[in-house]
Amino acid sequence: MTAAARTVQNLGRVSALLPAAPSAGFRTLFYKEVLRFWKVSFQTVAAPVLTGVLYLLVFGHVLEDHVEAFPGVSYVAFLIPGLVMMSVLQNAFANSSSSLIQSKVTGNLVFVLLAPLSHAEFFAAYAIASIVRGIVVGLGVLAVTVWFAPQTVLDVRAPIWIVIFLLLGAALLGVLGLIAGIVSDKFDELAAFQNFIVMPATFLSGVFYSVHGLPSFWQTVSHFNPFFYMIDGFRYGFFAQSDVSPWVSLAVVSAALLLVTAIALGMLARGYKIRH
Amino acid sequence: MLAAIEASAVVKRYGSRVTALDGVSLRIEQGEFFGLLGPNGAGKTSLISIIAGLVRADSGRVTVLGHDVRTDYRAARRALGVVPQELVFDPFFSVRETLRIQSGYFGIRANDDWIDEVMANLDLTSKADSNMRSLSGGMKRRVLVAQALVHRPPLIVLDEPTAGVDVELRQTLWQFIRRLNRAGHTIVLTTHYLEEAQELCERIAMLKGGRLIALDATRALLARVADLRLALRSKSPLPAAVAHNVIERDGDHVVLRLANVAEVEQTLAAIRAADVVVEELEVGHADLEDVFLQLMAGREAGLTEAA
C-alpha cells in the first residue's frame, strides 16, 4: 500500500470515529425556538400574563362569594393556581403550533428540513421550547397574581406535585401544538384547533371552579377531560386538596402525554405533511 | 470515483394523477458543473427536493457521495448545500443570526470566520446585522446562497438562483459559484436562462414530463444542432425554393435553418434571383435554446441514455 493510500484510509478511519454530534443541531433548533418567542416577548409573555391578571380581577371579584371551592381556601387563592396552569397550557400549545405553522406558511421550515436533524431531535426541540415558554408565562402569571392571596398560595403544601404537573402539562400541550402545527396547512385550521379544542378544554377543566360544585352529569364529562387532571393535580401541590387523587391525575396526564408523543413522533417519522 | 449524486429509477407521484418523476436515472460526477433544464412542471424541483430529502420518492434510490438520502440522511445532508427556489427567510432574525443558526443545525458552533468570508464574497457584510425583513429581494437571495454554504458542503444545488435577480447580482453570484467549482465543489443548477446554462454548465440533463430526455456534455448537445441560422428582414415574400427552411416568422422578420455555409449562399442567390429586397441580414449559430426547443417539441428521437 502506498503512503498516500494509507493516509486516505486513515483519514477515512478518523472521520468515522468523529462524533456525529447529533445533539448540536438539536441544541440550535431549541435555542432558535426559544429566541423566537423571546424576541417578541411582549406578545408571547407579557400579554398572557396581563390576561391572567385580568381574569383574576374580574372573576375573583365577581365570584368571590358565590363559588365554594376547598374548605379553608379563599376563591381568589383557589383561582390563582388554575390561572397559572391555564396560562402554561395555552402558551405551550401556542408556541409549537404557531412556530410550526408560520414556518410552513412562509416556507422557512425548509432550513430545518435541509439540516441533518432526526425526527426525534426535531420533536424534542419544539416540545422543550414550548415547555420553556409555558413555564416562563406561568411563573409570570404566578408572580403577578400571588399578591392577591399571598398567605394561602405561598404556603405550598406539596411542591413536587407543582413541578411534576407544570412539566407534564406544558409538555402535553407543547406536543399537542406540534401535532396541530403539522396537521394544519393554514392559519385558520390552526385557529380551529385552538378555539374548538384547547379553549373549551381549558375552560371546562375547573380553572374557575371545583368540579364538585357541578351537576353530576358535568362532573362526569369533566373526568374525560385530561386538562381537568392537569389543573387539579397542579392545585393539589398548593393546597393538598383536590377533586381527585394526584396519583390518578398523574396517571391520566402521563398516559395522555405518551399517546400524543407517539402520534407526533409517528407523524414526523413518516414525514406526514412535512416531507411529502 | 464515487458519484456526487446518483439517482436510479426515481419515481414520484402526487396523488393518482400527477407523475412528477417517471423513472429518472442520472449520475453526476464530483467536481462537475451540471445543469438540470426543463420547462415548468418537468420535475426539476421534485428531483432536487428528493436529493435534498425534502420530499420522499415513491420508488427508486438516490445517493449523495454514496450516502442514501433516506437511510443515511445525516451524511447525505451534510454533503449538500441547497439554495431553494422560493425567496424564503425567517423574519425573526438578522443575517448573521440566520447564518449562525443554520451553522448550528449542521452541528457547527464557532463558525464566524467562515460566515464572515461567505458574507464578504456575496457583498452581504454591510447587512450582517440587518433584520431579514428589511432586505431587498436580491439581498435575501444572497442570504439563501450563504445559508447553503455555512457548512462548506462539497455539493451545492441551486434551484433557479437567478430568477428575478438583477444583472449585477447574477454576475457576482456566478463569479462566486465558479470559484467554488474550481475549488472542487460540485455544482448542480436549474435555471430558466438557457444562456447561463450554456455558458456555465459542462453537462446538461433535460427533463420533460418527469422523464429524462437528454443527458450529455453541453458541447455535444450543441453539436446536435450544428446548423446555421439565417435571419433576415424583407417586405416581399420569399421564393418558394427557400420557404421550406423557414423556422420562425414574425411580420417581415424571418429566420431560416440551414445546414452549412454553402446552403446560405444558395439561399441568398435564390432570393436575389427572385428580386426580393433584403433589408437586414444576420447569420448565427444555433444555441442551447434551439436544442431545448427541438427536444421539447420531441423532434429529436435519439435520446441519450443515462450513464
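Colleague: Is B:Leu194 buried, partly exposed or exposed in this model?
Modeller: In this predicted model, B:Leu194 has its place in helix 7 of chain B, residues 194-200. A residue is buried with 20 or more other C-beta atoms within 10 Å of its own and exposed with 12 or fewer. Because B:Leu194 has 18 C-beta neighbours inside 10 Å, its class is partly exposed.

Colleague: What distance separates the centres of domain 1 and domain 2 of chain B, taken over C-alpha atoms?
Modeller: The domain assignment of chain B places domain 1 at 5-218 and domain 2 at 227-285. Taken over C-alpha atoms, the centres of domain 1 and domain 2 of chain B are separated by 43 Å.

Colleague: Which helix of chain A gives the most to the side that touches chain B?
Modeller: The contact between the chains joins 23 residues of chain A to 24 residues of chain B. On the chain A side, helix 2 (22-39) and helix 5 (110-113) each supply at least two residues, and by class that side has 12 nonpolar, seven polar and four charged residues. With seven residues, the element that gives the most to this side of chain A is helix 2.

Colleague: How many helices and how many strands does chain A have?
Modeller: Read from the N terminus on, the elements of chain A run α-α-α-α-α-α-α-α-α-α-α-α. The C-alpha trace of chain A spans about 90 × 40 × 35 Å along its principal axes. The count for chain A is 12 helices and zero strands.

Colleague: Among contacts in chain A between residues at least 6 apart in sequence, what percentage join residues at least 24 apart?
Modeller: Chain A has 276 residues, of which buried residues make up 47%. Among its contacts between residues at least 6 apart in sequence, those that join residues at least 24 apart come to 83%.

Colleague: How is helix 11 of chain A oriented to helix 12 of chain A, roughly parallel or oblique?
Modeller: The axes of helix 11 (residues 226-239) and helix 12 (residues 246-270) of chain A come within 9 Å and cross at roughly 135°. Angles over 145 degrees would count as roughly antiparallel and those from 65 to 115 as roughly perpendicular, so helix 11 of chain A is, to helix 12 of chain A, oblique.

Colleague: Is the crossing of helix 11 and helix 12 of chain A left-handed or right-handed?
Modeller: The contact includes A:Tyr229, A:Met230 and A:Tyr236 from helix 11 of chain A and A:Leu250, A:Val253 and A:Ala256 from helix 12 of chain A. By class, this contact has nine nonpolar, two polar and one charged residues. The crossing of helix 11 and helix 12 of chain A is left-handed.

Colleague: And is the crossing of helix 4 and helix 11 of chain A left-handed or right-handed?
Modeller: The axes of helix 4 (residues 75-106) and helix 11 of chain A come within 9 Å and cross at roughly 135°, which makes helix 4 of chain A oblique to helix 11 of chain A. A:Pro81, A:Gly82, A:Met85 and A:Leu89 of helix 4 meet residues of helix 11 including A:Phe227, A:Ile231 and A:Phe238, and the residues of this contact divide into eight nonpolar, one polar and one charged. The crossing of helix 4 and helix 11 of chain A is right-handed.

How values were computed
Residues numbered from 1 in each chain as written. Chains lettered and ligands numbered in written order. Predicted model: local features only at pLDDT ≥ 70, side-chain atom pairs only at ≥ 80, totals over all residues. Axes fitted to C-alpha atoms, helices over the stretch in contact; angles between N-to-C directions. Helix = DSSP H or I, 4+ residues; strand = E, 2+ residues; numbered from the N terminus. Parallel < 35°, antiparallel > 145°, perpendicular 65-115°, else oblique. Left-handed = near helix turned anticlockwise from the far one by under 90°. Contact = placed C-beta atoms within 7 Å. Nonpolar A, V, L, I, M, F, W, Y, C, P; charged D, E, K, R; others polar. Domains from an automatic or database assignment.
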